[in-house]
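Subject: Structure handover

Hello,

Here is the structure I said I would pass on. My notes on it follow below the display.

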Amino acid sequence: MNGQLRLGIWILCIVAGILTALPGTTGRMAEITTQVPETGILVNHHPLSRGEANSHAQALQLQPPSVTIVAPSAAIGDFAANRGNVWDMADSRDIVMVHNAESRDLMIADGNTILRGNMRDGPPHVGGIAFWGSSSELFPAREYHHMVFRMKIRAQKDCWTNGRVGYAKNWSGREDVVIRSLVTTFPYVPHIYPMNCPYGTFCIYYIDLARNNNWPSWPTWHTARSPNDPSTWLSDPVRGVVLVPHEWCVTTGGVPIGNPDYFDLDFVYLTGDIVARAEDGYRYLLRYDLSAPGAQQVTITIRYYEVHELRPPGQEPACDANQFYSLWRDFNPPARTVISLVPSQPPQPAGDNRVFLPIIARAPAGGGSLSYELSFSDGTRFKDGKSYYLCVEADNGVQRTYRVSNAPVIRVPRSPWFGPD
């Protein structure tokens, strides 16, 4: 053994002895691996046992889990909410044009802000309330096609009336230009099956504007001859979004007998895929991404929070460790699943001399994308038209992370009956 090597080993021994003798030390150190100069020899000082080393390494690798909610999210949420002004009839800016209406008073009814008005007598589907319009911008119709609104019609019992939804292909400050370009649905009748909405009662209306078979035996749009035809909502240039709350009253024989007294419109949503529909059994597929470095498994728990009207992104209900168990409600049965994670690379073989590298955990399917089917079918817990925000708790056994969806799931009924003019 040459003099340089002997000197290096003596220095290491002296340093180890000093550290061991320091006050407050236990005489056991974490594994220190040192390479003696010019020799390539690795010398270990006071190594931990294999089990202790594994625990020590795992503690160093374990990080709080991270969750990203893909659906529901603002990316597929409500068009107006994403622009910062939900069409909740709380702001005069919710309405950009009114045609053939006697009034458009914003007021309070049943504890909510509403729009109260009445459509005048006249030919069908020439009036309406526009909530968005642009002469230069096209509405992103493919992304936003689920229409949900809450409305009450006050009318005499022998009144037979209907409503329509429409879109304008041209937009300008002149109402006649907009009306001439208007494409409407066939009339829908709310007070017969399947809605069975009595006059004088708030009801939830739901229509998928991207399809022609909302009512299977009759097409939705006037541009169609069959329910099997594609929806022109997806192909026409949409420059205005219009709702006709009601038309005039006729008897069951078609004899005109005047107008409904008024309509009360509570809110109008035009959303992407954030609805749990009655025709789908009120089910919704929550989709999320999970990252949990160092964890062997993560327990995912999902809870919900009900609000009457959806909110703009950034104003969703708060959720943390305290609120999750006090303000947020469990599904029945609880929405909970255990995700088993596998390392992205095999662990290093056991031995006296080891280098501990961080291990990134991933889902067994080969990516971070996961899903959970939620049921909103329990009518004692969930109501049509209500918005349900979701909070996801991810627990790796040591740390917990909470994430709230920035858009809700909206429970919606079947569409109303569509029929000929």
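Predicted model: local features only at pLDDT ≥ 70, side-chain atom pairs only at ≥ 80, totals over all residues.

**The second largest pocket**

Twelve residues, counted as 12 in the search, line the second largest pocket, and those nearest its centre are Asn162, Pro187, Glu247, Pro420 and Asp421. By class, the lining of this pocket has 8 nonpolar residues, 1 polar residue and 3 charged residues. The volume of the second largest pocket is about 220 Å³. Rolling a probe the size of a water molecule over the atoms shows where empty space is left.

**The chain as a whole**

The protein chain contains 27 strands and 5 helices. It has 421 residues, and 47% of them count as buried. Among contacts in the chain with a separation of 6 or more, 74% are between residues 24 or more positions apart. The accessible surface of the chain is about 20200 Å², and carbon and sulfur atoms account for 52% of that surface.

**Disulfides**

How many disulfides does a search of the whole structure find? The search gives 3. A disulfide is a covalent bond between the sulfur atoms of two cysteines. With the bonded cysteines counted along the chain, the pairing pattern is 1-4, 2-3, 5-6.

I take Cys159 and Cys249 to begin with. These two cysteines are joined by a disulfide with an S to S distance of 2.0 Å. What does this pair tie together? Cys159 sits in the loop between strand 8 (146-154) and strand 9 (164-168), while Cys249 belongs to strand 14 (residues 249-250), so the bond ties together parts that are 90 residues apart in sequence. The torsion about the S-S bond is about -90°, and the disulfide of Cys159 and Cys249 is therefore left-handed. Are the two ends buried or exposed? Cys159 has a relative accessible area of 3%, so it is buried. Cys249 has a relative accessibility of 0% and also counts as buried.

Next come Cys197 and Cys203, which are joined by a disulfide with 2.0 Å from S to S. The torsion about the S-S bond of this pair is 95°, and the link is right-handed. Cys197 and Cys203 are both buried.

The remaining pair to describe is Cys319 and Cys391, whose sulfur atoms lie 2.1 Å apart in a disulfide. This pair links distant parts of the chain, 72 residues apart: Cys319 is in the loop between strand 19 (297-307) and helix 5 (321-326), and Cys391 is in strand 24 (residues 387-395). The link of Cys319 and Cys391 is left-handed, with -85° about the S-S bond. Cys319 has a relative accessibility of 14%; the cut-off for buried is under 20%, so Cys319 counts as buried. For Cys391 the relative accessibility is 0%, and this residue counts as buried as well.

**Backbone points to look at**

Most residues other than glycine have a negative phi, and most peptide bonds are trans. The following places depart from that.

- Ala71 and Pro72 are joined by a cis peptide bond, with omega about 5°. Pro72 is in the loop between strand 3 (66-71) and helix 3 (79-82).
- Tyr193 and Pro194 are also joined by a cis peptide bond, and omega is about 5°. Pro194 is in the loop between strand 11 (188-189) and strand 12 (203-208).
- Met89 is not a glycine, yet its phi is positive, at about 60°. Met89 lies in the loop between helix 3 and strand 4 (97-99). With a relative accessible area of 1%, Met89 is buried.
- Asn196 likewise has a positive phi, about 55°, without being a glycine. Asn196 is found in the loop between strand 11 and strand 12. Its relative accessible area is 45%, so Asn196 is partly exposed.

Regards

How values were computed
Residues numbered from 1 in each chain as written. Heavy atoms only, no water. Disulfide = S-S within 2.5 Å. Helix = DSSP H or I, 4+ residues; strand = E, 2+ residues; numbered from the N terminus. Buried < 20%, exposed > 50% of the residue type's maximum accessible area, 1.4 Å probe, protein only. 1 Å grid on protein atoms, 1.4 Å probe; cavity = no way out; pocket = protein on both sides within 12 Å on 5 of 7 lines; lining within 4 Å. Points joined across faces, edges and corners; volume = space filled by probe spheres on them. Nonpolar A, V, L, I, M, F, W, Y, C, P; charged D, E, K, R; others polar. Contact = heavy atoms within 4.5 Å. Areas by Shrake-Rupley, 256 points an atom, 1.4 Å probe, with all protein chains shown as cover.
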